[in-house]
Protein chains: 4
Amino acid sequence: VNETMVTIVGNAATDVRYSTTSAGVPLASFRLASTERRYDRQQGAWVDGETSFVTVWAWRWMAENVVSSVSKGDPLLVAGKLRVREREQDGKRTVTVDIDAWALGHDLSRGTSAFRRAVRARP
Amino acid sequence: VNETMVTIVGNAATDVRYSTTSAGVPLASFRLASTERRYDRQQGAWVDGETSFVTVWAWRWMAENVVSSVSKGDPLLVAGKLRVREREQDGKRTVTVDIDAWALGHDLSRGTSAFRRAVRARP
Amino acid sequence: VNETMVTIVGNAATDVRYSTTSAGVPLASFRLASTERRYDRQQGAWVDGETSFVTVWAWRWMAENVVSSVSKGDPLLVAGKLRVREREQDGKRTVTVDIDAWALGHDLSRGTSAFRRAVRARP
Amino acid sequence: VNETMVTIVGNAATDVRYSTTSAGVPLASFRLASTERRYDRQQGAWVDGETSFVTVWAWRWMAENVVSSVSKGDPLLVAGKLRVREREQDGKRTVTVDIDAWALGHDLSRGTSAFRRAVRARP
């Protein structure tokens, strides 16, 4: 039961940050910018709307593939679980918005990709 | 093209706030708390995870139906467009997380509902 | 990992069929008709598109709540897992399209609902 | 208002078929096989479940990028609109299940991809 599913199309707004947890699990993250496209009836054309920023997290083999495939600026499609966390720090409320990816890829509506299957894959 | 689709299950964490825009469009909003349920293999049981809070917005007829149907604490299912907005205010960065609902209802996995069709409905 | 997530808005096209499995698990199902709404630029108006039919399945407490809440014609919002099954029967290929609901409710964009929380709820 | 959103992870089960409509619009399609992965508590391991087959459709620039990027067997992530069509043909009922993709990419949980941005992109 995965209760907050989000599917988001956007661009990597940063390079990928790669690390491993203390238990040795690979972990990759980057910021994703998603700019809404909407049809403006008055202009009779598609126009840009607001931009949302989220942090995308990939784990295990996906982390390794993301760090070797994704660069800042790349157009991406991400499906995963949304997490919104609020914290009090030094009297200030901070909010972070994260997506734990369960699948992620370059968006073929905006370019081509040459895929190479990993020797090891998802469990 | 609706590029950031989210489907979220949770509970109304506030009562519904209802207003109309300056153009006379009905508008309803409330906070939604979504607590992750995950299977803990060690315990062999489902346990609560973290809670995410978002603000849900309903417009037009949906706003009118939401204000007359939803109370604080109600379990809900919401599908809509995710918006994450960052603003600088008085030198502080604030982040708001909103969902513009395109459909919304009481979650029948957690209770029963008696439905009454509106005289007027979605366009 | 729930790999084929679908969120669908439509109307119950049949009454709910309720049964229990041989293991005593409550099970409810009904047909859902979803008619696409799209903006026609030439007419400058929203028009009906094609209608898709799927079978929605609810289990356990949700099954009990669905059978006591949902009637033929009701507008609904369903989130769940899509299954497309192909079978050969007597030399004919048949295809069935099912959604195992993980949440389901009356769509408040098309009416009001009076909700009553169940004594027992989702695990 | 896009009322039947589906996000699906699977593998291309055929090569891509490419054509243009009578109006000259590029169009690409292929079959996608999605095999459910579920955690089996008795085995204490992830196992394969059933396989769903759908036909994926890409239009315009996405069609051109798909035909030059996707091969039979490739792991993919697709987000789009679900359509289930029933027809009577020669006294037989046939059902087709299609997804009109609004985004589509190689799944980086199962390999790496080298992306090249198209000169022309989505509207």
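**The interface of chain B and chain C**

Mentor: Between chain B and chain C an area of about 3,400 Å² is buried, and carbon and sulfur atoms give 58% of this. Buried area is the accessible area (1.4 Å probe) that two parts lose on being put together, summed over both. Of the area that chain B buries against chain C, B:Leu108, B:Thr112 and B:Phe115 supply 21%, more than any other three residues. This is a predicted model: local features need pLDDT of at least 70, side-chain atom pairs count only at pLDDT 80 or more, and totals for chains, interfaces and linings use all residues. Residues are numbered from 1 along each chain as its sequence is written, chains are lettered from A in the order in which they are written, and side-chain values use heavy atoms, without hydrogens and water.

Trainee: How many residues of chain B are in contact with chain C?

Mentor: Contact means heavy atoms within 4.5 Å. By this rule, 37 residues of chain B are in contact with 37 residues of chain C. The residues on the chain B side comprise 18 nonpolar, 12 polar and seven charged (Ala, Val, Leu, Ile, Met, Phe, Trp, Tyr, Cys and Pro count as nonpolar, Asp, Glu, Lys and Arg as charged, the others, Gly among them, as polar).

Trainee: In which sense do β7(B) and strand β7 of chain C pair?

Mentor: Two strands, each a DSSP run of E with at least two residues, pair if DSSP finds at least two bridges between them. Here β7(B) and strand β7 (residues 111-117) of chain C pair in the antiparallel sense over seven bridges. Within this pairing, B:Ser113 stands opposite C:Phe115.

Conventions
Helices (H or I, at least four residues) and strands (E, at least two) are DSSP runs, numbered from the N terminus.
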